[in-house]
Structures are given as structure tokens and as C-alpha cells.
Amino acid sequence: MAEPRTPVAAHPARNWARVRRAGLPYLLLLPAVVFELLVHVVPMLTGIYMSFKHLTEFFIRNWGAAPAAGWDNYRFALDFNGAIGRQLLQSFWITCAFTVLTVGLSWLLGTGAAVLMQDPFRGRGLLRTYFLVPYALPAYTAAITWEFMFQRDTGLVNTLLVHDLHLFKTAPFWLIGGNSFWALLITAVWRTWPFAFLVVTAGLQNIPGDLYEAAALDGAGTWQRIRSITLPQLRSVNQVLVLVLFLWNFNDFNTPFTLFGNVPPPQANLISVQIYDTSFQNWNFGSGSAMSVLLLLFLLLVTAVYLLLTNRRGKSDA
Amino acid sequence: MRASRPALLTLAVATALLASACSSSGGSGSGSGGGSGAGTTLTYWASDQGGSIAQDVKVLTPELNAFTKATGIKVKLEVIGWNDLLNRILAATSSGQGPDLVNIGNTWSASLQATGAFLPISDDVMKQIDGTGRFLPGALAATGAPGQPPVGVPIYSMSYALYYNKAMFQAAGIAQPPTTWDEFVADGKKLTKSGQWGVSVEGAQTPENAHHAFTFSKQQGGSFYDSSGKPTFDTPQNVAGIKQYVDFMAADKIANPSDAEYSNGTEAVKDFATGKAAMLLWQSADATLAQYGMQPSQYGVAPVPFNAAQPSGPSHVDSIVAGINLSVFANTKNKDAALKFMKFMVSKQTQTDLNKAYSSLPSVSDAYTDPAFQTDTVKTLQSVLSTTAAPMPAVATESQFETVIGTALKNLFADAAGGKPVTDQSVAAQLDQAQQQLQAGG
């Protein structure tokens with residue numbers, strides 16, 4: 001926003017009127033700025049402050065008295081030979097795999113369903129609403145339902161796989177051991193894909209129908225129309241959608257916590273739960289905060305690189 | 001740079017999203033008005049003793065009404081499940097916004113004492129609540145680190161015991177409950193058959209796991225802390241004790257592998273009550289068993305077995321000193337009213353009523369005159385508590401200890417359930433990792 005160059009006003013009253021007029025937008029912005037500070041910036045700065053303190057059980061009543069830690073908490077979190085650093089690194093890789101798979105599958109399911117729902121047919125509205133149910137359910141309700149279904153002896157999943165389909169001789173575990181990763185992934189995809197469906201459906205409304213008609217006249221098949229019209233037209237929508245899905249899932253706490261309780265199985269130990277464990281189970285809020293700050297920096301970096309890359313490609317495409 | 005405006009905007013939105021994700025801080029509490037005596041409202045966080053929160057509300061409400069009637073002080077009750085209680089206390093401590101009184105698991109006493117969150121019970125306070133000389137010594141010892149004024153008073157006392165299904169024992173031709181672990185395993189094998197297991201364990205519940213790890217390693221002569229309070233997890237005795245417990249599932253095959261995912265603190269009890277397991281190692285299970293429909297006549301209660309028939313010395317331990325303490329938050333604005341409530345809770349009548357309802361033991365000696373506490377079950381538990389129960393380590397890192405050791409056992413149970421071998425090495429590796437985590441916390 002460049003300041004418009006204005007000649008010095010001759011009349012003070014007119015001058016004041018200009019200030020008032022120029023100031024009004026800022027005044028209107030003020031509540032939003034204050035709330036932004038209150039809700040986001042202040043807690044974030046508090047977290048950064050905490051990450052430089054030895055904030056353990058002895059000081060949680062009086063944070064100010066906690067001794068300064070310097071970079072200790074960071075060194076400690078990044079010391080991959082120690083128990084905590086090693087666990088953090090391991091949960092980082094698990095979280096990466098989990099996020100990539102969740103975002104990929106959710107996007108695929110959401111886009112696929114949205115494209116299939118594009119042409120009107122009887123019951124389309126009902127089906128669309130039905131697809132959105134997982135998104136509308138509270139996170140806890142959804143995850144606890146999956147927890148019941150994944151239980152070994154009494155869960156629906158094993159009843160289906162073992163008793164009805166006879167796919168396994170002995171009932172597999174879903175909430176402990178290696179399968180817990182897949183249980184987590186399934187629950188997360190189930191919760192996330194309706195959002196992708198919703199956003200892509202909205203994006204599809206903006207694609208002009210004549211594009212498809214022209215393509216049909218040129219003899220393009222369904223697959224060609226999807227590749228040459230639908231996907232390029234959805235580019236900007238997908239850019240934001242994938243980013244938001246990535247950030248949500250990388251930070252997801254509700255799903256693993258509800259599914260596995262306070263101590264997740266090592267194979268499904270997401271980084272947010274790892275940070276929670278460090279803060280609340282081990283009562284070390286300083287190093288928990290340091291891990292949060294590291295996570296924040298990592299996600300900022302990914303976001304910046306992602307936006308740079310996608311924008312550059314967008315420009316070269318245009 | 002015009003083209004990057006939307007990008008910058010997205011970045012700003014993204015930052016905001018991240019910030020909200022990173023700045024996690026739980027905290028809830030309710031302030032309460034000043035003044036003391038009639039008209040005051042106290043906030044009281046009770047622990048879940050009755051097997052369900054609704055059950056606790058049902059048990060406590062008449063008592064609280066009696067207190068309000070006698071003093072004019074109202075009590076706002078909130079019953080908090082075991083999985084949340086410690087976090088809620090921590091959040092209340094760090095924010096300064098908490099209840100006036102809270103129930104704590106007595107094993108957390110030293111940890112919470114270190115935070116300074118609770119009002120120390122000085123001799124004066126003890127007189128004020130009419131408690132001097134009335135408490136059982138063992139229960140009173142578990143209210144803080146030695147040499148410091150306690151930070152709470154015991155209200156419910158408990159000890160571990162072996163619960164066994166009488167009909168199943170009879171059907172398997174077992175006349176007496178086992179007194180050694182060899183007998184226990186042999187009986188367990190006899191009792192394990194289609195649809196029925198020898199013993200049920202709560203394999204993914206961290207505090208439960210930690211209590212058993214403590215008792216089993218004590219019996220091997222082990223200890224998780226040395227005399228100076230330094231952690232010594234990875235010792236041969238601790239490994240042997242923990243392996244012995246996990247082996248019920250891993251090697252002896254007398255526990256259902258499904259137990260490895262039991263985490264909410266009631267599933268093992270439910271399996272025992274519904275006839276899926278013949279034995280259970282638990283503390284004060286009666287109220288919960290009754291909830292699942294098991295009559296007291298259907299089960300017997302015996303002391304937890306030992307390694308040898310009659311051990312002596314420091315390994316003669318078959319339970320932790322279990323129990324619930326009542327503490328006053330140090331920054332309460334209603335100290336006088338809170339202490340009046342504490343006095344009410346440790347009075348003979350309230351102790352009798354509540355411990356009867358929860359099938360726990362009174363923590364004051366004068367309440368034992370009630371016939372409800374003269375039964376065989378109570379006598380068994382009481383004798384364990386007064387002779388062979390040992391308090392969990394009274395160190396500031398005790399609550400972390402419960403979590404890291406409980407997690408180690410949870411991982412070992414998961415290995416056992418998944419068919420992976422549980423060896424001395426794998427137990428030692430878990431203990432080593434647990435100790436590193438604990439030291440990292442301090």
C-alpha cells in the first residue's frame with residue numbers, strides 16, 4: 001500500500017476530515033488486530049519464552065522463577081543420541097508418513113467423489129449431505145467410535161475380518177503394535193476426506209460448462225476432460241486445500257489421543273502427542289515448548305517452500 | 001512482488017493456524033467467592049472411586065448435602081476420571097485457577113508437594129480438622145516426602161489383593177488360593193481354557209502397570225530409586241520382577257493377549273466379573289465388581305502371592321500403600337471453609353459411610369468399630385496394609401515414574417500380545433529408555 005502523495009492542506013478542518021477518513025479503515029481493523037494478538041500472537045510468544053526456561057514441576061506455580069535454560073531445551077530435543085531426541089525424530093518420520101498418506105488419500109477420495117457428484121442425478125443432494133457427516137461429527141465422537149470398532153475382541157472390524165470373512169486365523173490387534181499406524185490412518189482419512197470433497201465440490205461450480213461442451217465437441221473422453229479441464233481449473237483450489245490438509249494432519253492431536261489414550265503405541269506416535277507427553281506426562285514444559293517451536297519453524301518452512309514452488313509453477317503455466 | 005500477495009496472505013493464515021495448534025494450554029477451573037462460613041461455595045474435585053462418575057455423584061451427594069446442612073457451606077462437586085485428574089491438577093496449579101479441594105492418588109503426593117500447589121498440613125491445621133493421632137500411620141506416611149509437612153490427609157485406604165472366582169476354582173479342583181507365584185501360574189494354567197483365562201490384567205493402563213512393576217520388583221529385592229533419590233531402573237532385580245509379571249501373558253499364557261490393549265482401568269475387572277478370567281490382582285474391587293453384577297459370595301479375596309512361601313526382610317511386600325488423599329489448594333480464597341470440609345470428610349461418620357460405599361478402608365482408626373469393617377475381606381486387606389504394603393517411592397519424580405514405567409510395561413505387553421518374545425534384554429532396553437526419559441524430565 002503506497003502512501004498517496006497529497007499537497008499540504010490549506011484548511012485545518014479539511015485536514016482533520018482527511019485524517020478521519022483515512023483512519024477509519026484502521027479503526028475498523030483494530031478489533032480484529034487486538035483479537036489476533038490475544039488469540040494467536042501472545043500465546044505463541046509465551047510458548048517461545050517458555051522454550052528458553054527450565055520449566056519443570058517445581059516452577060509451574062510461578063513461571064517467572066524458572067531458571068533460564070538458554071538453548072538447553074533445543075539442544076536436548078535435537079540430541080538424536082538421547083532418548084527424547086531419538087523418540088522425537090522417530091515420531092517426526094512417522095508423522096511425515098502419516099501426513100503424506102492422509103493428505104493423498106483424502107484428496108483422492110474427495111476429488112473423486114466430487115467429480116462423480118458433478119452431474120445431476122436423483123438423490124445427489126442426499127448423497128452429498130451424507131458424505132459430509134464425518135466432517136460434521138465432533139472429533140472425539142468420531143475417534144471414540146473408531147476406537148470401539150478397532151478393539152480386538154469386541155470390535156466391529158475384527159468381527160467382519162475374522163468371524164465373517166475368515167481372513168485371519170487369529171484376530172489381529174489394531175490399537176497396539178504395527179497395525180496401529182493403519183488404524184490411525186484410516187480414522188484420519190475418514191475424518192478428513194469430506195473436507196476435501198466439500199472444497200473441491202465448491203471449486204467445480206466455478207468451472208464454466210461451455211468448456212466441457214467444447215471439449216465434448218472436440219471428441220474428448222471423460223478422462224481427458226478431467227485431466228485437461230477439471231484439474232487445471234481446480235489448481236488454485238487444490239493449492240490451498242492440500243496446504244490446509246497438510247497443516248491439520250501434521251498437527252493432529254485429537255485423533256491419536258482419542259484412539260490410543262495418553263500413551264500411543266511407538267508405531268503410531270505422532271509428534272503432537274510426543275510433545276504433549278513431554279509437557280504433561282514428564283512435566284517438562286520448557287522442552288515441550290522448544291519442540292513446539294521447532295515444529296512451528298518446520299511447518300513454516302514447508303509452507304513457504306510449497307507456496308513459492310506452486311506459485312512459480314502457476315506463473316510459468318499461465 | 002505483486003504476484004506474491006495472495007501467497008503472503010495464505011502464509012499469514014497458515015501461521016495463524018499453526019500458532020493455534022502449537023499454543024496448547026489446557027486450563028479450566030472456577031474461582032469462588034471470598035469469605036468463610038455460611039454462604040460460601042467450595043469447589044471440590046473428587047476422583048472416580050465407584051467405577052463410574054455417575055456412581056460417585058450418587059455416593060457423594062448425600063454426604064455433601066449433610067455438610068451443607070450442618071455448616072451452611074455449599075459444595076460444588078465435580079468427579080474427574082483417573083485419566084484426566086493429574087492433568088487437571090497440573091493445569092489448575094500452573095494457572096492458579098483451580099478448585100478449593102481436590103482428591104489425589106496418594107502416590108502423587110511427593111510430586112505435587114514439589115509444585116507447592118497444596119496447603120501444608122501443619123500441626124495446627126491437623127488440630128483444626130480434629131485429625132491428630134487418628135490416622136493410620138501407613139496411610140499418613142503416603143501424604144508427602146519424609147521430613148516435610150504432609151500436603152493432604154488420607155481419606156480412603158486401599159491395598160492390592162488377589163480376587164479369585166470361587167466356582168471356577170472349585171471346577172478346576174483347586175482348594176486354596178495360591179500363596180506363591182509358582183502356585184499362581186500352575187493354577188492359572190489349570191484355569192485357562194476355551195473362553196476363560198487364568199488372570200486378567202489391565203495391560204495398557206500406566207498407573208496400574210507401574211504399581212505392579214513396583215511390587216514385583218520389591219519381591220525380587222529390587223528398587224527403582226537409590227537412597228539418594230536417583231533412578232536405578234535397569235537392575236537385574238527390576239528386570240526379573242517386570243518380566244515375571246509380563247510373562248503371565250508372554251510365557252505362561254495365562255492372560256488373554258487382548259488384555260494388552262485394556263487401558264481405561266475397568267476392562268480387566270469387567271472380564272473377571274463376567275467370568276472371562278478366574279483371577280484378578282486389584283485394589284478395592286468390590287464396588288466395581290458389584291456394578292458388573294458379581295456378588296461378594298462369588299469371589300474370594302486373598303493376599304497377593306510371594307515368590308517363596310514365607311519371605312522375610314525388605315522383599316516381604318505384596319502391595320503398594322494405595323489410597324486417596326484430600327488436599328486443599330494453597331491459593332484457595334476459602335481456607336477456613338475448606339478446612340471445615342476436610343474435618344467433615346475425616347470425621348468418623350463420613351469415613352464410615354464413604355468407605356463402606358467404595359469398599360475401601362477408613363483411614364482413621366476409630367471408624368473400624370463399624371461391623372462393615374469386621375468382615376474377612378476387610379481383615380485381609382487391612383492386614384496387608386498394616387504389615388506387608390510398601391509406599392511407592394516418595395520422590396518428586398514419582399508421577400513421571402508411573403508414566404514411564406507404565407509405558408514400558410505397556411510396550412512389553414504389546415510385544416507379548418503380538419507374538420514377539422519378551423526377554424531380559426527387551427525388558428532392560430525398555431527400562432533403560434524409561435530412565436533416560438525420566439532424567440530428561442527433571
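Helices here are DSSP runs of H or I with at least four residues, and strands are runs of E with at least two. With that in hand, let's walk through this predicted model, starting with chain A. By that count, chain A holds 14 helices and zero strands. Read from the N terminus, its elements are therefore α from start to finish, in the order α-α-α-α-α-α-α-α-α-α-α-α-α-α.

What about its overall form? The C-alpha trace of chain A spans about 90 × 75 × 35 Å along its principal axes. Its radius of gyration is 26 Å, whereas a compact globule of 318 residues would come in near 20 Å. Of those 318 residues, 34% count as buried. Looking at contacts in chain A between residues at least 6 apart in sequence, we find that 66% join residues at least 24 apart.

Most residues other than glycine have a negative phi. A:His166, though, has a positive phi, near 55 degrees. This histidine sits in the loop between helix H7 (156-164) and helix H8 (179-204) of chain A. A:His166 counts as exposed because its C-beta has 8 others within 10 Å, and the cut-off for exposed is 12 or fewer.

Now let's move to chain B, where we meet sheets. Strands of a sheet pair through backbone hydrogen bonds, either parallel or antiparallel. Six strands of chain B form an open sheet with mixed pairing, in the order S2-S1-S3-S10-S4-S11. Strand S2 (74-80) and strand S11 (361-362) are at its edges with a single partner strand each, so one side of each has no neighbour in the sheet. Further in, strand S1 (residues 41-47) and strand S3 (residues 101-105) of chain B run parallel and share two bridges. Here B:Trp45 has B:Val102 of S3(B) as its bridge partner.

Another open sheet of chain B has four strands in the order S6-S7-S5-S8, again with mixed pairing. Its edges are strand S6 (197-200) and strand S8 (299-302), each with a single partner strand, so each has one side left without a neighbour in the sheet. From one strand to the next, the twist averages 20 degrees. S6(B) pairs with strand S7 (residues 277-283) of chain B in the parallel sense, over three bridges, and B:Val199 stands opposite B:Met279 in S7(B).

Follow S7 onward and you reach B:Ser284, in the loop between S7 and helix H12 (286-291) of chain B. B:Ser284 also has a positive phi, near 40 degrees. Is this serine buried or exposed? B:Ser284 is buried, because 24 other C-beta atoms lie within 10 Å and 20 or more are enough to count as buried.

Conventions:
Residues numbered from 1 in each chain as written. Chains lettered and ligands numbered in written order. Predicted model: local features only at pLDDT ≥ 70, side-chain atom pairs only at ≥ 80, totals over all residues. Pairing = 2+ DSSP bridges. Rg over C-alpha atoms; globule rule 2.2 N^0.38 Å. Contact = placed C-beta atoms within 7 Å. Axes fitted to C-alpha atoms, helices over the stretch in contact; angles between N-to-C directions.
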